[in-house]
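Hello,

Here is the structure I promised to pass on.

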Amino acid sequence: MSDVPAEFEELVERVQGPVFTPGSSGYDDERSGFQTAFRHRPAVIVGATGPEDVSAAVKFAAAGGLPVAVQATGHGLSAAAQGEGVLISTARMTDVRIDPRNRTVRVEAGVRWEQVIEEAATHGLAPLNGSAPHVGAVAYTLGGGVGVLGRQFGYTADHVRSIDVVTADGALRHVTADSDPDLFWALRGGRDNFGIVTSLEVALVPLSRIYGGGLYFDADLVPEALATYLRWTTTVPEELTSSISLMRYPDLPPIPAPLKGRYTAHIRVAYTGDAESGRQLVEPLRAIGPRLIDSIDEMPYTASGTIYNDPAFPHAYYGNNVMLGEAGSSVAEAVLDLAGPTAAAPCIVDVRHLGGAFSRPPAVPSAIGSREGEYILRVLTPLAICDVDTARPVHERLYEAVRPWTVGRNLNFIYADEATPDQTGLVYSPEDLRRLSEIKAVHDPANLFRFNHNIAPAAKA
């Protein structure tokens with residue numbers, strides 16, 4: 001490439017995929033992802049086409065002492081490279097291989113869950129994906145993975161069978177619980193601190209339909225909807241996974257007419273039992289009052305993305321989360337008082353019900369912490385209508401108010417600008433953080449992989 005500086009010509013020769021530098025054609029498109037408020041601006045980007053490209057890029061970076069970042073879809077951006085380092089884009093690595101006999105799927109690093117959902121469905125199987133099918137499967141899973149069926153099946157990371165990863169020495173390693181139990185433990189929950197995962201194998205579940213959808217309540221019913229929902233979650237079986245969101249919808253053409261400009265409570269439900277049992281379980285929620293929209297019904301699992309209807313277009317947002325041991329009336333009052341419709345910054349509040357299989361240790365231990373958490377309380381502010389300096393104190397006041405019930409934080413829901421060492425330290429127990437730091441010192445002693453929710457390598461004795 002004629003527009004690549006001489007210092008990166010060797011890198012161009014080593015990789016099959018394209019190489020971009022600031023000012024070159026395609027550089028801005030390659031570095032852009034789902035999160036538009038915070039974007040990488042590295043010295044060079046490698047558009048990897050496979051594990052060999054990833055290995056070559058890491059070796060080049062290591063030889064020059066350059067830090068490395070990785071990005072597939074850009075949903076999980078946590079620390080942006082600014083003017084330095086190598087960004088490895090894995091978006092071109094999109095191979096999906098279903099093994100129907102063993103009920104597993106091998107996904108490359110750029111695969112989105114929507115690809116897996118469709119291909120698994122042809123075999124009567126389903127992945128343990130999250131609420132947004134357009135999210136990348138690998139980063140989501142390595143961060144734990146809070147799926148729409150998680151109360152029944154647990155974190156998606158609990159179902160990983162093997163991982164292919166390029167470590168800081170450029171070596172491509174096939175990692176399992178037997179071949180390298182420490183690294184296998186650390187990758188599932190520690191994300192990209194230990195290398196760049198090029199593919200992973202994860203279990204699927206035999207499922208083709210669910211009873212699910214959403215209930216939307218208008219502003220006057222929001223307090224009752226939130227209080228009823230939190231009480232209701234203490235009564236439901238593990239086969240039912242749910243959440244509630246509070247937000248004001250913009251008055252824009254894509255928004256359904258009943259929601260435009262309204263502050264609403266949106267209760268989301270996914271139940272794997274039969275439809276009649278599902279209707280009985282949901283009845284206390286329908287009894288709250290009239291719904292603006294009621295979409296809960298029998299559906300094929302391929303339609304599970306409609307339960308949340310998460311926006312699929314790139315946008316700017318700021319936010320964080322806490323995990324709560326319980327969520328009673330005091331939590332509900334704090335949410336409405338501090339992050340409700342009269343808050344100084346517009347807040348999207350999301351409360352996800354955990355417990356069930358989320359709380360149980362998996363057969364193969366992982367670094368995922370705070371399993372005692374019964375709920376995730378997440379707050380987002382769209383930065384198109386508010387700035388971070390205005391939003392931050394509003395969020396912090398709510399998190400301070402719920403501190404008595406806080407047991408940790410969820411890694412995947414700590415967003416850019418909040419991914420500080422202090423925040424990362426709240427994700428893990430002190431013992432697990434110490435172990436992660438020691439494993440980091442083995443596989444990445446120079447902290448090459450540091451544009452992330454960073455875990456510093458343990459100091460040498």
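**Cavities and a pocket**

Three cavities of 30 Å³ or more were counted. A cavity here is a set of points on a 1 Å grid over the protein atoms alone where a 1.4 Å probe fits but cannot get out, and lining residues have an atom within 4 Å of a point. Points are joined across faces, edges and corners, and a volume is the space filled by probe spheres set on them.

This is a predicted model, with local features needing pLDDT of at least 70 and side-chain atom pairs pLDDT 80 or more, while totals for chains, interfaces and linings use all residues. Residues are numbered from 1 along each chain as its sequence is written, and side-chain values use heavy atoms, without hydrogens and water.

The largest cavity holds about 80 Å³; its lining includes Gly-143, Tyr-155, Met-323 and Arg-409. The second largest cavity, at about 50 Å³, has Ser-131, Tyr-308 and His-353 among its lining residues. Strand 13 (240–248) and strand 18 (348–353) each supply at least two of its lining residues, and strand 13 gives the most, three. (Strands are DSSP runs of E, at least two residues; helices are H or I, at least four; both are numbered from the N terminus.)

There is also the second largest pocket, of about 260 Å³ (a pocket is an open set with protein on both sides within 12 Å along at least five of seven lines). Of its 14 lining residues, those closest to the centre are Tyr-399, Arg-403, Arg-409, Gln-423 and Leu-426. Helix 11 provides the largest share of this lining, five residues.

Best wishes
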